[in-house]
Amino acid sequence: MKGVFNSNFPRPRYSEIWDVSMVLMLLHQWGTATSLSLTKITLKLVMLMALVSVQRVQTLHKLHLDRMVSSQNDVKFYIYDLIKQSRPGVSGFKLVLSAYPTDLWLCVVAHLRRYIEVTKSLRGSEDALFISHKKPQMKVSAQTISQWLKQVLGCAGVNTDNFKSHSTRAASTSAARAMDVPLDHILAATGWSNESTFQRFYNKLLVESG
């Protein structure tokens, strides 16, 4: 039994990770939220949310407008569905996105609000946050969100044969740690309960190219 456990013990997927600045540079070059087409604001918002929130595609897929609370400085989403970081006895999960007025080209809240405005006339009664940027504009699957992330990574020069959509979590947290963001802040943002998860699976060496 011990041998079976050891052979199936989860191992880190990546030993190194792409530099977040590669993607941020691309997103910055795309311009402000008000200048983007539906396709580009969809792709940009998904990537900004993945990097800022450090959440899985599964979580992004479960975001709904009727569970969103917006204030001047942030936007909160409440998730009551079962997600991977759900714990026994803990009801729901709150995702908080803070505004970044210093740079509107990369402000996730500014892009979120613009995306909601642009899609309002397209979504009908659909309250899932992410809808297709192609007709018919319906709720998309988690797989589609994953493909969008991979598309942005490819445009930024990241090798998508090596790095998949899930790599945004390791890239974001590794970059934060490299900039001396306190570890307890990283753990709180991700929903991880202990340091060992971060150190084993997400604290990676940054590489300059994909």
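## The Arg 114–Glu 117 pair in helix 5

Arg 114 and Glu 117 both belong to helix 5 (residues 108–119) and lie three residues apart, about one turn of the helix. Helices here are DSSP runs of H or I with at least four residues, strands are E runs of at least two, and both are numbered from the N terminus. The model is predicted: local features need pLDDT of at least 70, side-chain atom pairs count only at pLDDT 80 or more, and totals for chains, interfaces and linings use all residues. Residues are numbered from 1 along each chain as its sequence is written, and side-chain values use heavy atoms, with hydrogens and water left out.

Arg 114 forms a salt bridge with Glu 117, their closest N and O atoms being 3.2 Å apart. A salt bridge is a side-chain nitrogen of Lys or Arg within 4 Å of a carboxyl oxygen of Asp or Glu. Arg 114 is partly exposed, at 22% relative accessible area, and Glu 117 is exposed, at 53%. Buried means under 20%, exposed over 50%, and partly exposed in between (1.4 Å probe, protein chains only).

## The buried face of helix 5

The buried residues of helix 5 are Val 108, Val 109, His 111, Leu 112, Tyr 115, Ile 116 and Thr 119. Seen down the axis, they fall within an arc of 165° and so line one face of the helix; the arc is taken from the directions from the helix axis to the C-beta atoms.

These buried residues pack against helix 3 (38–53), strand 2 (68–70), strand 3 (74–79) and strand 4 (93–98), contact meaning heavy atoms within 4.5 Å.

## The other salt bridge

The whole structure has two salt bridges. Asp 74 pairs with Lys 76 in a salt bridge, with the closest N and O atoms 3.1 Å apart. Asp 74 is buried, with a relative accessible area of 15%.
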